[in-house]
Amino acid sequence: MENAIDALKIAFAVFVFIVAVTVAFNMISKAKTTGDYILFYSDKTNFYDKKASKEKNREVSKADVISTLYRWANGESLAVTIDLSKCANVPDKEKKRTFNTYESTNESTNFLRDLNDYIKNNLSKIKDNAKFEEEFVEAQFGGKYEYGTDGTELELTSGEKKVYVTYTLLE
């Protein structure tokens, strides 16, 4: 009989331990969530638009431009514009070229071949250590939104996002 009572005491102790561990992890999780919330809303840079932010457009290499073009070719929702107006080796008609996702799927069936030709005939004429200025603009289209008087946005129906990337040759 004493063994049964000791077994019940041990089972109760294990149960209390499990409840205590569960409560402790729950409180730690809530504390982390609250801390993340407070830190996010206390940092005013989270509310800057890309254009209004204090960040500058970054400088990238020719390899970064080519990799972005291949990301576009693999179907990402991008529109990539390359401005080579400062390069004398490129023909005038190719000084500014835009690669648009919707053009590639609707109008040109050989867009990968066209892209490879553009890289071979135009980007290869630029020095390997050339720098480009990269500018991102993210546009929301489709969907329904309501806006509050304080500028908050409520998404009623989700739409699509498209990223417009412009690379301008520096030099």
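The model is predicted, so local features are taken at pLDDT of at least 70 and side-chain atom pairs at pLDDT 80 or more, while totals for chains, interfaces and linings use all residues. Residues are numbered from 1 along each chain as its sequence is written, and side-chain values use heavy atoms, without hydrogens or water.

The chain holds four helices and seven strands, where helices (H or I, at least four residues) and strands (E, at least two) are DSSP runs numbered from the N terminus. Along the sequence these elements follow the pattern α-β-α-β-β-α-α-β-β-β-β. Of the 171 residues in the chain, 22% are buried; buried stands for under 20% relative accessible area, exposed for over 50%, and partly exposed for values in between (1.4 Å probe, protein chains only). The accessible surface of the chain is about 12,600 Å², and 56% of this belongs to carbon and sulfur atoms. Accessible areas come from the Shrake-Rupley method with a 1.4 Å probe, and for residues only the protein chains shown count as cover. Contact is defined as heavy atoms within 4.5 Å. Among contacts between residues at least 6 apart in sequence, 64% join residues at least 24 apart.

An open sheet is formed by five strands in the order β1-β4-β7-β2-β3, with mixed pairing. Two strands are taken to pair if DSSP finds at least two bridges between them. At the edges stand β1 (58-61) and β3 (96-100), each of which pairs on one side only. Neighbouring strands of the sheet are turned against each other by 25° on average, direction ignored. Within the sheet, β4 (residues 131-141) and β7 (residues 160-170) pair in the antiparallel sense over 11 bridges, and Val-137 stands opposite Tyr-164 in β7. Helix α2 (residues 62-73) lies across β1, β2 (78-83), β3, β4 and β7, and runs at about 145° to β2. For such angles, axes are lines fitted to C-alpha atoms, for helices over the stretch in contact, and the angles run from 0 to 180 degrees between N-to-C directions.

A further antiparallel pairing joins β5 (residues 144-147) to β6 (residues 153-157) through four bridges. These two strands form a hairpin with five residues between them, and Gly-151 in the turn has a positive phi of about 95°. Tyr-147 stands opposite Glu-153 in β6.

Thr-68 is placed in helix α2 and is buried, at a relative accessible area of 6%. The side chain of Thr-68 makes a polar contact of 2.7 Å with the side chain of Tyr-167; a polar contact is a pair of N or O atoms within 3.5 Å, where within protein one must be able to donate a hydrogen and the other to accept it, and residues adjacent in sequence count only if both atoms are side-chain atoms. A polar atom of the Thr-68 side chain also lies 3.0 Å from the backbone oxygen of Asp-64. Beyond its neighbours within four places in sequence, Thr-68 is in contact with Leu-78, Val-80 and Tyr-167.

Thr-81 lies in strand β2 and is buried, with a relative accessible area of 13%. Its side chain is joined to that of Thr-98 by a polar contact of 3.1 Å. With residues up to four places away in sequence not counted, Thr-81 touches Lys-96, Arg-97, Thr-98, Val-165, Thr-166 and Tyr-167.

Two aromatic pairs are found in a search of the whole structure. The ring centres of Tyr-37 and Tyr-41 are 4.7 Å apart with planes at 55°, so this pair is tilted. Rings of Phe, Tyr and Trp (its six-membered ring) pair if their centres lie within 6.5 Å, and planes under 30 degrees apart count as stacked, over 60 as edge-to-face and the rest as tilted. Tyr-37 and Tyr-41 are separated by about one helical turn because they are four residues apart in helix α1 (residues 2-42). Tyr-37 is exposed at a relative accessible area of 52%, whereas Tyr-41 is partly exposed at 47%. The rings of Phe-40 and Tyr-41 have centres 5.0 Å apart and planes at 90°, so this pair is edge-to-face. Phe-40 is partly exposed, at 39% relative accessibility. Tyr-37, Phe-40 and Tyr-41 form one aromatic cluster.
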